[in-house]
Amino acid sequence: MEKGTTEEIIKAEPVPFRTARQKLEELYKSEEYQKNCQRFQAECNRLATIAHSLLEQKDLLKESCDKNTVRREFASQSRYLHRGFYCPSPVLDKIIGNAKRGRILKRITSASKPTHEYGFDVSGRLLWCTSFDEGSIMSTEYLIYDERAVYGITFNKYGDIEAITEEIYEGGKLVRYLHCL
(Lines give C-alpha, C1' and ligand atoms only; values in the text may rest on other atoms or scores of the structure.)
Protein backbone atom coordinates (compact mmCIF):
# COMPACT_ATOMS: atom_id res chain seq x y z
CA MET A 1 0.00 0.00 0.00
CA GLU A 2 1.45 3.34 -1.07
CA LYS A 3 1.44 6.25 1.30
CA GLY A 4 0.12 9.55 -0.02
CA THR A 5 1.27 13.06 0.63
CA THR A 6 0.26 14.83 3.82
CA GLU A 7 -2.42 16.76 1.93
CA GLU A 8 -3.87 13.53 0.48
CA ILE A 9 -3.95 11.92 3.92
CA ILE A 10 -5.69 14.96 5.43
CA LYS A 11 -8.27 15.05 2.62
CA ALA A 12 -8.97 11.33 3.18
CA GLU A 13 -9.67 11.87 6.89
CA PRO A 14 -13.29 11.77 8.03
CA VAL A 15 -14.86 15.24 8.32
CA PRO A 16 -14.86 15.37 12.16
CA PHE A 17 -11.11 14.70 12.23
CA ARG A 18 -10.47 17.26 9.50
CA THR A 19 -12.52 19.84 11.41
CA ALA A 20 -10.68 19.07 14.66
CA ARG A 21 -7.32 19.33 12.89
CA GLN A 22 -8.26 22.73 11.43
CA LYS A 23 -9.34 24.01 14.85
CA LEU A 24 -6.04 22.86 16.36
CA GLU A 25 -4.07 24.54 13.59
CA GLU A 26 -5.96 27.78 14.24
CA LEU A 27 -5.29 27.45 17.97
CA TYR A 28 -1.57 26.90 17.36
CA LYS A 29 -1.44 30.17 15.41
CA SER A 30 -3.29 32.21 18.06
CA GLU A 31 -1.45 34.86 20.05
CA GLU A 32 -2.62 33.40 23.39
CA TYR A 33 -1.24 29.97 22.49
CA GLN A 34 2.09 31.48 21.41
CA LYS A 35 2.38 33.39 24.71
CA ASN A 36 1.72 30.20 26.68
CA CYS A 37 4.33 28.36 24.65
CA GLN A 38 6.88 31.10 25.33
CA ARG A 39 6.18 30.95 29.06
CA PHE A 40 6.56 27.17 29.19
CA GLN A 41 9.63 27.28 26.97
CA ALA A 42 11.22 29.78 29.35
CA GLU A 43 10.49 27.42 32.28
CA CYS A 44 11.97 24.48 30.35
CA ASN A 45 15.09 26.49 29.55
CA ARG A 46 15.46 27.55 33.20
CA LEU A 47 15.17 23.94 34.39
CA ALA A 48 17.54 22.75 31.66
CA THR A 49 20.14 25.24 32.92
CA ILE A 50 19.72 23.88 36.46
CA ALA A 51 19.96 20.30 35.17
CA HIS A 52 23.21 21.00 33.34
CA SER A 53 24.74 22.63 36.41
CA LEU A 54 23.73 19.57 38.45
CA LEU A 55 25.15 17.25 35.78
CA GLU A 56 28.60 18.61 36.59
CA GLN A 57 28.06 17.46 40.20
CA LYS A 58 26.62 14.05 39.31
CA ASP A 59 29.38 11.95 40.89
CA LEU A 60 29.47 14.05 44.08
CA LEU A 61 25.69 13.94 44.32
CA LYS A 62 25.58 10.16 43.95
CA GLU A 63 28.39 9.69 46.45
CA SER A 64 26.70 11.99 48.99
CA CYS A 65 23.35 10.23 48.61
CA ASP A 66 24.94 6.79 48.98
CA LYS A 67 26.92 7.88 52.05
CA ASN A 68 23.90 9.48 53.78
CA THR A 69 21.40 6.69 53.09
CA VAL A 70 20.40 5.01 56.34
CA ARG A 71 17.09 3.42 55.32
CA ARG A 72 15.69 1.91 52.14
CA GLU A 73 12.14 1.20 51.06
CA PHE A 74 10.69 -0.61 48.07
CA ALA A 75 7.38 -0.01 46.31
CA SER A 76 5.48 -2.15 43.85
CA GLN A 77 2.65 -1.61 41.39
CA SER A 78 3.55 2.04 40.76
CA ARG A 79 2.68 3.15 37.24
CA TYR A 80 3.14 6.33 35.18
CA LEU A 81 4.06 8.55 38.13
CA HIS A 82 7.35 10.27 38.54
CA ARG A 83 8.84 8.91 41.77
CA GLY A 84 6.02 6.36 42.15
CA PHE A 85 4.56 6.15 45.66
CA TYR A 86 6.36 9.35 46.71
CA CYS A 87 5.32 11.46 43.70
CA PRO A 88 5.03 14.98 45.13
CA SER A 89 1.87 15.88 43.21
CA PRO A 90 -1.23 15.37 45.33
CA VAL A 91 -3.47 14.94 42.25
CA LEU A 92 -1.46 13.52 39.37
CA ASP A 93 -2.63 9.94 39.96
CA LYS A 94 -6.23 11.21 39.77
CA ILE A 95 -5.64 13.07 36.49
CA ILE A 96 -3.63 10.50 34.53
CA GLY A 97 -5.60 7.42 33.48
CA ASN A 98 -4.24 4.11 34.83
CA ALA A 99 -1.66 5.94 36.97
CA LYS A 100 -1.02 4.32 40.32
CA ARG A 101 1.13 5.30 43.28
CA GLY A 102 1.50 1.65 44.20
CA ARG A 103 2.27 0.53 47.71
CA ILE A 104 5.26 0.35 50.02
CA LEU A 105 6.44 -3.22 50.56
CA LYS A 106 6.95 -4.44 54.13
CA ARG A 107 9.34 -7.10 52.85
CA ILE A 108 10.51 -8.30 49.48
CA THR A 109 9.52 -11.77 48.33
CA SER A 110 9.99 -13.55 45.01
CA ALA A 111 6.49 -12.36 44.01
CA SER A 112 7.02 -8.68 44.97
CA LYS A 113 8.29 -7.26 41.66
CA PRO A 114 9.39 -3.85 42.99
CA THR A 115 8.93 -0.87 40.68
CA HIS A 116 10.83 1.64 42.86
CA GLU A 117 13.54 1.71 45.51
CA TYR A 118 13.91 4.72 47.81
CA GLY A 119 16.80 5.89 49.98
CA PHE A 120 16.28 8.07 53.05
CA ASP A 121 18.64 9.98 55.32
CA VAL A 122 18.72 9.95 59.13
CA SER A 123 16.02 12.67 59.32
CA GLY A 124 13.68 10.73 57.02
CA ARG A 125 14.19 12.89 53.91
CA LEU A 126 14.06 11.12 50.57
CA LEU A 127 17.53 11.28 48.97
CA TRP A 128 17.13 9.17 45.84
CA CYS A 129 14.66 7.02 43.93
CA THR A 130 15.46 4.21 41.50
CA SER A 131 12.82 3.02 39.02
CA PHE A 132 12.71 -0.55 37.76
CA ASP A 133 11.04 -2.26 34.84
CA GLU A 134 10.82 -6.03 35.23
CA GLY A 135 13.82 -6.03 37.56
CA SER A 136 16.08 -3.84 35.40
CA ILE A 137 17.09 -0.35 36.54
CA MET A 138 15.51 2.23 34.25
CA SER A 139 16.48 5.48 36.01
CA THR A 140 17.69 7.01 39.26
CA GLU A 141 16.64 10.39 40.59
CA TYR A 142 18.76 12.30 43.11
CA LEU A 143 17.16 14.99 45.25
CA ILE A 144 18.74 18.28 46.26
CA TYR A 145 17.12 20.23 49.08
CA ASP A 146 17.21 24.02 49.06
CA GLU A 147 15.64 26.44 51.57
CA ARG A 148 12.12 26.17 50.16
CA ALA A 149 12.69 24.07 47.07
CA VAL A 150 13.51 20.48 46.24
CA TYR A 151 15.20 19.72 42.94
CA GLY A 152 15.31 16.24 41.51
CA ILE A 153 17.57 15.22 38.66
CA THR A 154 16.86 11.90 36.99
CA PHE A 155 19.47 9.96 35.06
CA ASN A 156 18.56 7.08 32.77
CA LYS A 157 20.38 3.74 32.87
CA TYR A 158 23.03 5.12 30.51
CA GLY A 159 23.82 8.10 32.77
CA ASP A 160 22.09 10.72 30.61
CA ILE A 161 19.75 13.33 32.06
CA GLU A 162 16.18 12.14 31.63
CA ALA A 163 14.23 14.68 33.67
CA ILE A 164 14.42 17.44 36.24
CA THR A 165 11.82 18.35 38.81
CA GLU A 166 11.29 21.42 40.92
CA GLU A 167 9.06 21.47 43.98
CA ILE A 168 8.45 24.80 45.72
CA TYR A 169 7.12 24.77 49.28
CA GLU A 170 5.63 27.57 51.36
CA GLY A 171 4.79 26.90 54.97
CA GLY A 172 5.51 23.22 54.45
CA LYS A 173 2.92 22.94 51.66
CA LEU A 174 3.65 22.22 48.02
CA VAL A 175 2.68 25.28 45.98
CA ARG A 176 4.41 24.49 42.69
CA TYR A 177 5.53 21.26 41.05
CA LEU A 178 7.30 21.12 37.69
CA HIS A 179 8.48 17.96 36.00
CA CYS A 180 10.43 18.56 32.82
CA LEU A 181 11.54 15.74 30.53
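Residues are numbered from 1 along each chain as its sequence is written. In this predicted model, local features need pLDDT of at least 70, side-chain atom pairs count only at pLDDT 80 or more, totals for chains, interfaces and linings use all residues, and side-chain values use heavy atoms, with hydrogens and water left out.

I begin with the strands. Helices (H or I, at least four residues) and strands (E, at least two) are DSSP runs, numbered from the N terminus, and two strands pair if DSSP finds at least two bridges between them. Strand E1, residues 71-76, runs antiparallel to strand E3, residues 114-120, and six bridges join them. E1 also pairs with strand E2, residues 103-104, over two bridges, again in the antiparallel sense. Ala-75 has His-116 as its bridge partner in E3, and Ala-75 stands opposite Ile-104 in E2.

Next, the pockets. On a 1 Å grid over the protein atoms alone, a pocket is an open set of points where a 1.4 Å probe fits, with protein on both sides within 12 Å along at least five of seven lines; lining residues have an atom within 4 Å of a point. Volume is the space filled by probe spheres set on the points, which are joined across faces, edges and corners.

The largest pocket holds about 500 Å³ of space. Of its 25 lining residues, Leu-81, His-116, Ser-131, Phe-132 and Ser-139 lie nearest the centre. E3, E4 (126-133), E5 (136-145) and E7 (161-170) each supply at least two residues of that lining.

The second largest pocket has a volume of about 240 Å³. Its lining has 14 residues, and those nearest the centre are Lys-62, Thr-130, Ile-137, Thr-140 and Tyr-142. E5 gives the largest share of this lining, four residues.

Last, the cysteines. How many disulfides are there? Counting a disulfide as a pair of cysteine sulfur atoms within 2.5 Å, the total is zero. Buried means under 20% relative accessible area (1.4 Å probe, protein chains only). Cys-87 is buried at 6%, and Cys-180 counts as buried at 13%.

Technical notes: Buried means under 20% relative accessible area, exposed over 50%, partly exposed in between (1.4 Å probe, protein chains only).
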